[in-house]
Amino acid sequence: MSLKDRLAEDLKDAIRGGDERRKIAIRLVVAAVKNAEVAQGAPLDDSGVLKVISKEASRHRESIDQFRKGQREDLVALEEAELVILQTYL
């Protein structure tokens, strides 16, 4: 099973299970993968999908740092929860 297929299956499971945080995180990754495919003009293989997920994880880490500086612990908690989900694919 390719990584894109795994993301699609995990998204379906999150929707069925009512796991809102997981659903949001996976949808963001799927959208980023689709945007990368459009930009490249071809479907991504697993290594390309991993690069996209890695970029998204990096973006979450940067957001966590910025939210901590701004003393927004509520947003830090949300970003950390999404980061944990992304790390399961890395």
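## How α2 and α4 cross

Helices α2 and α4 form a right-handed crossing in this predicted model. Two packed helices are described by the angle between their axes and the distance between the axes. Here, α2 spans residues 20-40 and α4 spans residues 73-87; their axes come within 9 Å and cross at roughly 65°. Angles of 65 to 115 degrees count as roughly perpendicular, so α2 is described as roughly perpendicular to α4.

Let's look at who makes the contact. From α2 come Arg21, Arg22, Ile24, Ala25, Ile26, Leu28 and Val29, while α4 contributes Leu78, Ala81, Glu82, Ile85 and Leu86.

## The nonpolar core

The largest nonpolar core holds 19 residues. Leu7, Ile26, Val29, Val33, Val49, Ile53 and Tyr89 have the most contacts inside this core. At least two core residues come from each of α1 (3-17), α2, α3 (46-69) and α4.

Leaving aside residues up to four places away in sequence, Tyr89 touches Leu3, Arg6, Leu7, Asp10, Arg22, Ile26, Leu50 and Ile53. Among these partners, Arg22 and Ile26 also take part in the contact of α2 with α4.

## A loop residue: Gln71

Gln71 sits in the loop between α3 and α4. Its relative accessible area is 68%, so Gln71 is exposed; the cut-off for that label is over 50%.

For a sense of distance, Gln71 and Asp19 lie 52 residues apart in sequence and 27 Å apart in space, C-alpha to C-alpha.

Definitions and conventions
Residues numbered from 1 in each chain as written. Predicted model: local features only at pLDDT ≥ 70, side-chain atom pairs only at ≥ 80, totals over all residues. Heavy atoms only, no water. Axes fitted to C-alpha atoms, helices over the stretch in contact; angles between N-to-C directions. Helix = DSSP H or I, 4+ residues; strand = E, 2+ residues; numbered from the N terminus. Parallel < 35°, antiparallel > 145°, perpendicular 65-115°, else oblique. Left-handed = near helix turned anticlockwise from the far one by under 90°. Contact = heavy atoms within 4.5 Å. Core = buried A, V, L, I, M, F, W, Y, C linked by side-chain atoms within 4.5 Å. Buried < 20%, exposed > 50% of the residue type's maximum accessible area, 1.4 Å probe, protein only.
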